[in-house]
Amino acid sequence: METKAKNPEEHIQDMLQAIIEKTQSIIKDSSKQSLGSLEYFLGHILEYCDDKKYLTDEWHIRTPRWLGEYGNTPEEEELLSDIYRLQKYIAEKLKGG
């Protein structure tokens, strides 16, 4: 059986879904330090995904300021890394560089 390669939009949707799931997992863990800002981020990323804003000029993902600062958990660091990977992929595949 032949597997069809995903187009960039499908790949972006998959990457966004992984970010959403990781964010939800961090929010559910009360030992994490998200302090409500990840709930705001989750709302933003869900809207971004639903409205397909990555196909528009308004494609930057607004992350909480503290994400990426000293003291983040490994899960938060992984989430930030996934966000950067997504932004790079969008820039390369949809925005031409």
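**Close-up views of a predicted model: core and salt bridges**

**View 1. Contacts of Leu 16.** Leu 16 touches Ile 45, Tyr 48, Cys 49, Tyr 54 and Leu 86, leaving aside residues up to four places away in sequence. Contact here means heavy atoms within 4.5 Å. The model is predicted: local features need pLDDT of at least 70, side-chain atom pairs count only at pLDDT 80 or more, and totals for chains, interfaces and linings use all residues. Residues are numbered from 1 along each chain as its sequence is written, and side-chain values use heavy atoms, without hydrogens and water.

**View 2. The largest nonpolar core.** This core has 21 residues. Leu 16, Ile 45 and Leu 86 have the most contacts inside it. A nonpolar core is a set of buried Ala, Val, Leu, Ile, Met, Phe, Trp, Tyr and Cys residues joined through side-chain atoms within 4.5 Å. Buried means under 20% relative accessible area, exposed over 50%, and partly exposed in between (1.4 Å probe, protein chains only). In soluble globular proteins, nonpolar side chains tend to be buried together.

**View 3. Salt bridge between Glu 9 and Lys 52.** The two side chains meet at 2.8 Å, N to O. A salt bridge is a side-chain nitrogen of Lys or Arg within 4 Å of a carboxyl oxygen of Asp or Glu. By this rule the count comes to 7 salt bridges. Glu 9 lies in helix H1 (residues 8-28) and Lys 52 in the loop between helix H2 (37-50) and helix H3 (74-93), so the pair ties together parts 43 residues apart in sequence. Helices (H or I, at least four residues) are DSSP runs, numbered from the N terminus. Glu 9 is partly exposed at 28% relative accessible area. Lys 52 is also partly exposed, at 35%.

**View 4. Salt bridge between Lys 22 and Glu 78.** The closest N and O atoms of this pair are 2.7 Å apart. Lys 22 sits in helix H1 and Glu 78 in helix H3, 56 residues apart, so distant parts of the chain are linked. Relative accessible area is 23% for Lys 22, which is partly exposed. Glu 78 is partly exposed too, at 42%.

View 5. Arg 85 and Asp 82 form a salt bridge at 2.3 Å, N to O. Both lie in helix H3, 3 residues apart, about one turn of the helix. Asp 82 is buried at 9% relative accessibility, whereas Arg 85 is partly exposed at 46%. Lys 22, Glu 78, Asp 82 and Arg 85 are linked in a network of salt bridges.

Terms used. Helices (H or I, at least four residues) and strands (E, at least two) are DSSP runs, numbered from the N terminus.
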